[in-house]
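Here is a brief report on a predicted model. Sequence and structure come up next.

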Amino acid sequence: NELAPRPRKAMPPKSKKRKSVASPAAEPPGEIQPASPPSPGADEDEDERDEAIDDRGRSQSPFHFEADDDSGDDGEDDLEGLVGDLLNGEIDDDDAAEGATHSAVDALRDGFQPVIVEDERPPHDVDDGHALAEAGDAEELMRWLIAPVPLETFMRDIWERRPVYVSRNAHKGYFDGLLSKADIDEWLRAGKMRYQRNVDVTSYKDGVRRTHNLNDDGSGGVDETTNEPGFADADTVWRRFDEEGCSLRVLHPQRWRDPLWKTLAALERFWNCSTGCNCYLTPADSQGFSPHYDDIDAFILQLEGKKMWRGDSPRAEAG
């Protein structure tokens, strides 16, 4: 099963508006490697890790802006207008020469090539994600989520440009404790989960997507009086999963899992937007949903088992 935290209308953390500071060109796909450990005796300030610096000694982020000298601007954030400029093609020649780009257009022109990173860090270099979420440390939690990819590299070269896949063969239990199949079984048997609201049972076969939100005894449908969907029966759900190859979509499981909502709360503080998550369980050799695209930023965490994913480039550049 995998979990998909979903920031919505994600905005980068605090940036100043107006003129773009030049950003180095993105590395070719697949060439981003885990950060090398400092050499023995090296003195490294943890606040300066992998930070990109421009020719004036300023740190760079994907959106680092300053007011024009003659603009009279007070320097307040104007991220929505800025992102609109980027997406609508309103980048002037000077900014383009300094490295400003349209991330969505870049993805179309460069192809949909994922960045692949193997997490080969030794165990003693791996942070405790649960402790970071418990402490509400938003930036450190975000670093943990995508490690060993440096956060600065992710924001500058990857975010909204191309997918990144972090393989954690050396850390199989990286996300242990967030959510498990056993947790979902417990909720089903406790009679907590309503069809449509908390869980959907789905299938996708021969090009047809179907929903199977009804128990074997005929219960579970929407009550005509209250308009409330019925509760899912655990035995029915698992029979469909095991025998019919149906998938489960668990909606907003964070309402019953403290580690999840604390993680999402920290991500909200980092991205300055609302977040949510769903969990998907799919049996072997099956598919629960038709090919589709999402209009949100998604971080997919593989919690148990394994799954093969297929990603495609956008069909066309938006006009």
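## Helix 9

Just after helix 9, Asn272 adopts a positive phi of about 60 degrees. Helices (H or I, at least four residues) and strands (E, at least two) are DSSP runs, numbered from the N terminus. Helix 9 covers residues 258-271. Its 14 residues should span 20 Å at 1.5 Å a residue, and the end C-alpha atoms are 20 Å apart, so the two agree. That expected span is 1.5 Å times one less than the number of residues.

Buried means under 20% relative accessible area (1.4 Å probe, protein chains only). In helix 9 the buried residues are Leu260, Lys262, Thr263, Leu264, Ala266, Leu267, Phe270 and Trp271.

## Nonpolar core

The largest nonpolar core holds 50 residues. Such a core is a set of buried Ala, Val, Leu, Ile, Met, Phe, Trp, Tyr and Cys residues joined through side-chain atoms within 4.5 Å. Met142, Leu145, Phe154 and Trp271 have the most contacts inside it.

Contact means heavy atoms within 4.5 Å. Not counting residues up to four places away in sequence, Met142 touches Leu151, Phe154, Leu267, Phe270, Trp271 and Phe299.

## Whole chain

The chain has 9 helices and 10 strands. Of its 319 residues, 41% are buried. Among contacts between residues at least 6 apart in sequence, 77% join residues at least 24 apart.

## Basis

Residues are numbered from 1 along each chain as its sequence is written, and side-chain values use heavy atoms, without hydrogens and water. In this predicted model, local features need pLDDT of at least 70 and side-chain atom pairs count only at pLDDT 80 or more, while totals for chains, interfaces and linings use all residues.
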